[in-house]
Amino acid sequence: MNILRHPDSISFLLHPAEALWLLHSFQELKQSYETSIELLPEKEQSYWKGTLTDPTHPDLPLNSESESLELERLEWKSLRSVKTIEWLHQFESFHTQKEFEFKIQKEDVDLLLQITNDRRLLLASTYDVCESDMHHDHDKLPEDPKATALIEIDFLAFFQGILLQVLLDESPL
């Protein structure tokens, strides 16, 4: 992956495999963003709804705060869906044998971080990924859906790290 900085945008020159991972992540997010919460699988619903508990009494949910969190997350879905669809249009010219240029506006870097984080958290929720799962050897992962989810989570974390570096490089000292 190489990065080109332009006055108002950033281009990510992606190896075809990197582009495929990003394309897949965006396609899955688009589906989650556009699907009514009641029609999503239970584990995905739990991510969008969220539950907040009283830190002093972890067994007691904070119902009004949880409802506020759910409403806020539902608002995110529509806004993030629009941006994800916009970015997916770039992939119409994608060819699996060539480097791919993914371009975003600098003002969208924070949103891209949030959107890729949605995907990472949705994967973790869906496949019951816990902290101990995150310390794995890629060469020793079994071939199963959870392993694939871990690889996608790792790729998105790598991509997010690059995005954060771009933000740091752009920030005034």
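These questions and answers walk through a predicted model of one protein chain.

Me: In what order do the elements of the protein chain run from the N terminus on?
Reply: The chain holds five helices and five strands. From the N terminus on, their order is β-β-α-α-β-β-α-β-α-α.

Me: What share of the residues in the protein chain is buried?
Reply: Buried means under 20% relative accessible area. The chain has 173 residues, and the buried share is 38%.

Me: Among contacts between residues at least 6 apart in sequence, what percentage joins residues at least 24 apart?
Reply: Contact means heavy atoms within 4.5 Å. Of the contacts between residues at least 6 apart in sequence, the part joining residues at least 24 apart is 67%.

Me: Which residues have the most contacts inside the largest nonpolar core?
Reply: This core has 32 residues. The residues with the most contacts inside the core are Phe12, Leu22, Phe26, Phe91, Phe102 and Ile104.

Me: Which residues does Phe102 touch, not counting those up to four places away in sequence?
Reply: Phe102 is among the core residues with the most contacts. Leaving out residues up to four places away in sequence, its partners are Ile10, Ser11, Phe12, Leu14, Leu22, Phe26, Trp87, Gln90, Phe91, Leu112 and Phe159.

Me: Which residues does the second, separate core include?
Reply: The second core is separate and has five residues. Among them are Leu123, Ala149, Leu150 and Ile153.

Me: Are α2 and α4 parallel, antiparallel, perpendicular or oblique to each other?
Reply: Helix α2 spans residues 42–49 and helix α4 residues 109–126. Their axes are 8 Å apart, at an angle of about 135 degrees. Angles over 145 degrees count as roughly antiparallel, and 65 to 115 as roughly perpendicular. The two helices are therefore oblique.

Me: Is the crossing of α2 and α4 left-handed or right-handed?
Reply: Lys43, Glu44, Ser46, Tyr47 and Trp48 in α2 meet Asp118, Leu121, Leu122, Ser125 and Thr126 in α4. The residues of this contact divide into four nonpolar, three polar and three charged. The crossing is right-handed.

Me: Why does Glu28 count as partly exposed?
Reply: Glu28 lies in helix α1. Buried means under 20% relative accessible area, and exposed means over 50%. Glu28 is partly exposed because its relative accessibility is 31%.

Me: What separates the C-alpha atoms of Glu28 and Arg119?
Reply: Glu28 sits in α1. Along the chain, Glu28 and Arg119 are 91 residues apart. Their C-alpha atoms are separated by 8.0 Å.

Methods: Residues are numbered from 1 along each chain as its sequence is written. This is a predicted model: local features need pLDDT of at least 70, side-chain atom pairs count only at pLDDT 80 or more; totals for chains, interfaces and linings use all residues. Side-chain values use heavy atoms; hydrogens and water are left out. Axes are lines fitted to C-alpha atoms, for helices over the stretch in contact, and angles run from 0 to 180 degrees between N-to-C directions. Helices (H or I, at least four residues) and strands (E, at least two) are DSSP runs, numbered from the N terminus. Angles under 35 degrees count as roughly parallel, over 145 as roughly antiparallel, 65 to 115 as roughly perpendicular and the rest as oblique. A crossing is left-handed if the near helix is turned anticlockwise from the far one by less than a right angle, and right-handed if clockwise. Ala, Val, Leu, Ile, Met, Phe, Trp, Tyr, Cys and Pro count as nonpolar, Asp, Glu, Lys and Arg as charged, and the others, Gly among them, as polar. A nonpolar core is a set of buried Ala, Val, Leu, Ile, Met, Phe, Trp, Tyr and Cys residues joined through side-chain atoms within 4.5 Å. Buried means under 20% relative accessible area, exposed over 50%, partly exposed in between (1.4 Å probe, protein chains only).
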